[in-house]
Amino acid sequence: MAECIECDAAISFPADAVEGEIVTCPECGAGFELVGGKDGMGLKPAQTVGEDWGE
Ligand SMILES: [Zn+2]
């Protein structure tokens, strides 16, 4: 379980999720990549190639 960076909603992911897996926030639809950290899995904004974030 982690918190959405965009809207602070709780995002759950499978216990066997692996680093690099993409999860989507159920609240705002933002995509995040799972990253491993010393305190467990964390999220970082997914790099979506070709997607226009501006408009
Ligand atoms: Zn969100």
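Two strands count as paired if DSSP finds at least two bridges between them. I noted this first because the sheet entries below rest on that rule for pairing.

**Entry 1: the model.** I am reading a predicted model, in which local features need pLDDT of at least 70 and side-chain atom pairs count only at pLDDT 80 or more, while totals for chains, interfaces and linings use all residues. Residues are numbered from 1 along each chain as its sequence is written. I looked up the confidence next; pLDDT is the predictor's confidence in each residue, on a scale from 0 to 100. The mean for the protein is 86, and 85% of its residues reach 70 or more. I keep a caution in mind: where pLDDT is low, the predicted coordinates should not be read in detail.

**Entry 2: elements.** I listed the helices and strands, which are DSSP runs numbered from the N terminus (helices H or I, at least four residues; strands E, at least two). I found 0 helices and 5 strands. Along the sequence the pattern reads β-β-β-β-β.

**Entry 3: the sheet.** Which strands form the open sheet, and in what order? I found 3 strands in the order β3-β4-β5, with antiparallel pairing. β3 and β5 stand at the edges with a single partner strand each, so one side of each has no neighbour in the sheet. The twist from one strand to the next averages 45°; the axes behind this angle are lines fitted to C-alpha atoms (for helices over the stretch in contact), and angles run from 0 to 180 degrees between N-to-C directions.

I then went through the pairs. β3 (residues 22-24) and β4 (residues 31-37) are antiparallel and share 3 bridges. Between β4 and β5 (residues 40-45), also antiparallel, I found 6 bridges. I followed Glu-33 across the sheet: it is the bridge partner of Ile-22, and in β5 the bridge partner of Glu-33 is Lys-44. Gly-37 stands opposite Gly-40 in β5.

**Entry 4: the hairpins.** How many residues lie between β4 and β5 in their hairpin? I found 2. The hairpin of β3 and β4 has 6 residues between its strands, and there Gly-29 takes a positive phi near 80°.

**Entry 5: burial and core.** I used these cut-offs: a residue is buried if 20 or more other C-beta atoms lie within 10 Å of its own, exposed if 12 or fewer, and partly exposed in between, with C-beta atoms placed from the backbone. Of the 55 residues, 11% count as buried. The largest nonpolar core has 6 residues: Ile-11, Val-23, Cys-25, Phe-32, Leu-34 and Leu-43. Such a core is a set of buried Ala, Val, Leu, Ile, Met, Phe, Trp, Tyr and Cys residues joined through C-beta atoms within 7 Å.

For contacts, I took two residues whose C-beta atoms, placed from the backbone, lie within 7 Å. Val-23 is in contact with Ile-11, Phe-13, Phe-32 and Leu-34, leaving aside neighbours within four places in sequence. Among the contacts with a separation of 6 or more, 21% are between residues 24 or more positions apart.

**Entry 6: single residues.** Thr-24 touches Gly-29 and Gly-31, not counting residues up to four places away in sequence.

Asp-8 lies in the loop between β1 (2-3) and β2 (10-11). Its phi is near 70°, a positive value in a residue other than glycine. Asp-8 has 11 C-beta neighbours inside 10 Å, so it counts as exposed.

Pro-14 is in the loop between β2 and β3. Pro-14 counts as exposed because it has 9 C-beta neighbours inside 10 Å. From C-alpha to C-alpha, Pro-14 is 8.5 Å from Met-1, 13 residues away in sequence.
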